[in-house]
Amino acid sequence: MRFQHRMRSRGYLEVHENGSRAWYPVYFHTGLLAIVPDAAARISGSILGRRAFVIEPGILALPSGRRRSSMPPGAPLDAPRLNESDLRTRSKRFGSLRRRIMLDAPAAVAGPFIGLLWLIVDGGGFAQFVAVSLLAAVTALWWSAIGGSDPS
């Protein structure tokens with residue numbers, strides 16, 4: 001399930017456990033497009049100290065954040081059921097690195113503003129402005145990617 005909140009889109013697994021629902025944000029990969037509603041899942045051991053979900057037919061979903069017991073913010077968008085050719089087409093389209101960067105890039109707009117603020121506070125020249133702006137933009141891009149952004 002995907003939740004669209006303002007400019008951010010994030011994928012979640014909705015899990016029914018102990019009679020209640022929980023939502024886990026997950027890292028996006030193209031295998032998630034093949035998950036159908038009410039698919040059987042099991043919790044695997046742990047990968048790098050975090051538990052992971054194995055969803056039929058053998059799709060591994062890694063949580064990118066903490067479990068939520070309340071519905072995540074935003075509009076829920078359920079995944080459509082896809083046949084094999086549509087799944088391949090969507091996987092190629094949404095799995096490209098170019099699309100991931102284009103959808104995560106708006107967060108990098110803050111880079112030059114942070115660079116300008118750095119110059120005001122710390123002083124320095126053009127080289128420092130460029131370095132801080134690039135560092136802030138790359139950090140924002142990275143933060144969106146590890147936050148579990150969903151390009152579908």
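1. Confidence. The chain has an average pLDDT of 77, and 78% of its residues score at least 70; pLDDT is the predictor's confidence in each residue, from 0 to 100. This is a predicted model: local features need pLDDT of at least 70, side-chain atom pairs count only at pLDDT 80 or more, and totals for chains, interfaces and linings use all residues. Residues are numbered from 1 along each chain as its sequence is written, and side-chain values use heavy atoms, with hydrogens and water left out.

2. Layout. The chain holds 4 helices and 7 strands. These are DSSP runs numbered from the N terminus (helices H or I, at least four residues; strands E, at least two). Their order from the N terminus is β-β-β-β-β-β-β-α-α-α-α. Among the elements, mean pLDDT is lowest in helix α1 (residues 84–94), at 67, and highest in helix α3 (residues 110–122), at 90.

3. Core. Of the 152 residues, 32% are buried (under 20% relative accessible area, 1.4 Å probe, protein chains only; exposed is over 50%, partly exposed in between). The largest nonpolar core has 11 residues, including L13, Y24, F53 and A61. Such a core is a set of buried Ala, Val, Leu, Ile, Met, Phe, Trp, Tyr and Cys residues joined through side-chain atoms within 4.5 Å. Strands β2 (8–17), β3 (20–25), β5 (50–55) and β6 (59–61) each supply at least two residues of this core.

4. Contacts. Neighbours within four places in sequence aside, A61 is in contact (heavy atoms within 4.5 Å) with L13, V26, L32, A52, F53 and I55.

5. Helix α3. I120 lies in this helix. I120 counts as exposed because its relative accessibility is 64%.
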